[in-house]
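Please open the structure in your viewer and keep the selection tool at hand.

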Amino acid sequence: MTMIRHAIAGSAGGVLLALSAAAAAQSAPPVADPSTRGEWTLGAGVIAIDSPYAGEDSRLRPVPLLGFDGDRFFVRGTAAGVHLVQSGGFTLDAIASVRLDGFDIDDLGRSELLANGVDAALLEDRDDGLDAGFRATYGGGWGALALEAVHDVSDASDGFEVALDYRYTWLLGRSAITANVGSSLLSDDLAGYYYGTLDEEVARGVTAYAPGSALVHRIGVTWMHPLGATWHVVASAEASQLPDELRDSPLLDPDSDRSGRLFLGFSRRF
């Protein structure tokens, strides 16, 4: 580890944002490298989710990666936004991002749900969402700290999330390694949509379960390495600790106390 750095190339920023959305948190990407300003990146990746839901051991989701960092406008993976304030190490952004927490009931185990007292035939799928809000980031040689507040504007959960994240990046040769730790507060509506039972399900006879608001903690690490002059490969792993409010959900395996994410992606700068 030859030097410390809190900025990673814009292509990695897009990958990291795609990763964060796959957990129950919207972690902020690192500040984009100024040398990539005005350049586009294009790529693809796949997220492997160690699902806590009953009877669903793992889930694979392909993720298209599109990135652009301009003076005001940016696109990073599954999110886009506008820089409202940029002053020294401080940035305030207005953002919109896709939430990839949805799932199909058919992908869950009917026998496992039945053991929890739930008839899968009475349940409904949970949709992905679109969040909009603000993110404030402050970074320096000590790393980067980000505070994000977003609200579902797609009429999926109608909930909101507030997330606080810290990232620290080292350079090891040509590779960049970023460690991150953070916490997210999920509102009643957000946690209830993805971990509770819906009103229409209760009307069909499903036992009502409303977890209320929940605080989810997570930790992760990301590795990025250039492949030639324009290509990058990124790999990442993240684990989230589920609180009792979510672990008690009848939609989850009884022994589920955490969820995990693995990501591998490739992107090219143009």
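Begin with D125, which is partly exposed at a relative accessible area of 39%; here buried means under 20% relative accessible area, exposed over 50%, and partly exposed in between (1.4 Å probe, protein chains only). D125 lies in the loop between α2 (110-115) and β9 (129-140). Helices (H or I, at least four residues) and strands (E, at least two) are DSSP runs, numbered from the N terminus.

This is a predicted model, in which local features need pLDDT of at least 70 and side-chain atom pairs count only at pLDDT 80 or more, while totals for chains, interfaces and linings use all residues. Residues are numbered from 1 along each chain as its sequence is written, and side-chain values use heavy atoms, with hydrogens and water left out.

Next, select V118, found in the loop between α2 and β9. V118 counts as buried, at 4% relative accessibility. Leaving aside residues up to four places away in sequence, V118 touches L113, L123, V206 and P250 (contact means heavy atoms within 4.5 Å).

Now turn to the salt bridges, of which the structure holds 15. A salt bridge is a side-chain nitrogen of Lys or Arg within 4 Å of a carboxyl oxygen of Asp or Glu. Select R247 and D244, whose side chains meet in a salt bridge (2.0 Å, N to O). R247 and D244 are separated by about one helical turn because they are three residues apart in helix α5 (residues 244-247).

Then select R59 and E56, joined by a salt bridge (2.9 Å, N to O); both residues are buried. Finally, select R99, D101, D131 and E161, which a network of salt bridges links.
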